[in-house]
Amino acid sequence: MTTVTPPATAQQPTTGRHGRARLSEGARAERRLGWLLCAPAVIVMVAVTAYPIGYAIYVSLQRYILSAPQLTKFVGFSNYGAILSSPFWWHALLVTVIITVVSVAIEFVLGMCLALLMYRTIWGKGGIRTTILIPYGIVTVAAAFSWLYAWTPSTGYLSALFNNSAPLTSQPKAIAIIILAEVWKTTAFMALLLMAGLSLVPEDLLKAAKVDGATAWQRFTRVILPLMKPAILVALLFRTLDAFRIFDNIFILTQGNNGTGSVSILNYDNLFTGLNFGLGSAMSVLILICVAIIAILFIKGFGTAAPGTSLQR
Amino acid sequence: MAATTPQKVGWSVANIVTIVLVLIPLVWIISLSFKTTGSITDPTYFPTHWTWSNYSGILTTSTFLRPLLNSVGIGAIATFIAVVLASMAAYAVARLNFPGKAVLIGVSLLIAMFPAIALATPLFNIERALGLFNTWPGLIIPYVATGLPLGIYTLSAFFREIPWELEKAAKVDGATPFQAFVRVIAPLAAPGMVTTAILVFLFCWNEFLLAITLTATTASRTAPAALSFFTGSSQFAVPTGSISAAAVVITIPIIIFVLFFQRRIVAGLTSGAVKG
């Protein structure tokens, strides 16, 4: 692993400090090229996200039901009021938070174990890594169907193990099954990220600790974990954001029935089943705000390095 | 250090347990796809009566073949466009100095964190108005936009690894920055681009939410979406077997794909996390 010296452009413009210094031809060409190269990507990203979000905010301030377009009118924040005072929203939010917290926690622990396994196992390293990648490669919907049929009474082997009690129709059990499906699918991803962080722990430190008489557990908690902290936080940030947006598994397993709907499912229902665009848009904005809060919490609160910002060590 | 026998046994057990747990749901769906309609309600793990009829049923109906084609086509086009645009942007971010770089990174990170559901509503409206609803471009454009942050992030990590000296040498030899990019850097970045292409294609193939909201018929519906609306090879058959066969058909090629490229995928996913 060679460290790459940061590119030292000879003509570093000192604009802003001593007034405008003249940029050399090379630096100007570089800037032009930089903007030019980024432009297409930026245009596409902005067009597909910024504009729709602006549009969503605009629609969320109106009453706009697709099946009754003549009733469209500006209603201010009443859509937001309706959502925030509705028990359905808070229930869905609670379900989403529970699923997020529990599945990320489990994935973290299991992912850590898997990362250690992949990194240190004595034989079959390639085979283990390959096998662990398989859930990542399976289309989420296909895996969800696999679980659905497994738990359906009289069709499924798992259901038979639990006395054919139709667990997908009971709220706590259904949520547990959803969490199981999530964990099975994405632990691999977490394990990969953690393994990358694991590879940063210098071997000599561990050997030194061993010489000093540290037990395996002590080596783990005192040496490995602290050194892995940046990688752990990045992995947790990504996974938490992903988990909060859970949709595919719930849609297939329960369609959100029996109180298992997440905020995304609720939003989908209002939009495409109820055709209530005003309400659906308001909900989209609220979900976006929740996601932003989570991100801010992680970056400011836990000090996660936002990936892409150069953390010079 | 030599491993002692208890250590070897311990790791072996851990390996085997992991492999088995990972494979259980996969083997289950495969076995379901082979069960005859009559025996589908047997709660046995392995089929007691084997049949290929589920596969022959779905592979002869256009309600499944067309979505498969859509998935491949939309995924390929979106991946190609996303990789080209992301390469350009990633190169600029990793190698060039220009104002607004941090803003770009911040914005693309923000976009990567967007809940797709927040986009579904407005995109549905906009695409209806533009006539893009239920068309290939209608899915390709959002996929490109969502794949770009992933692409830029992965590729800029790869680009940062390429030695700066090569570019300097090219400039000394009289190349403009653009020529330096095309002739010197791009060939070296090819592995990174391949990895990014794989990751983006996997994302497009897997994508479900936008696929079900922005499509209505098999004109542009992709495989995962079609799967969830499947009613089976005939309107009287309970579709469990058909859905299982369809699930296997859309999954197995991807698994082989993933296994084949697993080294690249691991490198791509971890490059950003390690370097920051």
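This is a predicted model: local features need pLDDT of at least 70, side-chain atom pairs count only at pLDDT 80 or more; totals for chains, interfaces and linings use all residues.

Author: Just after helix α11 of chain A, A:L275 adopts a positive phi of about 55 degrees.

Helix α11 of chain A covers residues 263-273 and is mostly covered, with eight of its eleven residues buried. The buried residues are A:V263, A:S264, A:I265, A:L266, A:N267 and A:Y268, together with A:N270 and A:L271. In an α-helix, residues three or four places apart point the same way, because there are 3.6 residues a turn.

From chain A, the cover includes α3 (87-120), α10 (248-253) and α12 (277-301). From chain B, it includes α5 (116-130).

The wider interface is as follows. In chain A, 90 residues are in contact with 86 residues of chain B. The most is given to the chain A side by helix α1 (residues 25-60) of chain A, with 19 residues. By class, that side has 61 nonpolar, 24 polar and five charged residues.

As for confidence, the predictor gives the complex an ipTM of 0.73 and a pTM of 0.76. Chain B has an average pLDDT of 76, and 87% of its residues score at least 70. Within chain B, helix α3 (residues 62-95) has the highest confidence, at a mean of 85, while helix α12 (residues 262-275) has the lowest, at 62.

Conventions. Residues are numbered from 1 along each chain as its sequence is written. Chains are lettered from A and ligands numbered from 1 in the order in which they are written. pLDDT is the predictor's confidence in each residue, from 0 to 100. Helices (H or I, at least four residues) and strands (E, at least two) are DSSP runs, numbered from the N terminus. A residue is buried if 20 or more other C-beta atoms lie within 10 Å of its own, exposed if 12 or fewer, and partly exposed in between; C-beta atoms are placed from the backbone. Two residues are in contact if their C-beta atoms, placed from the backbone, lie within 7 Å. Ala, Val, Leu, Ile, Met, Phe, Trp, Tyr, Cys and Pro count as nonpolar, Asp, Glu, Lys and Arg as charged, and the others, Gly among them, as polar.
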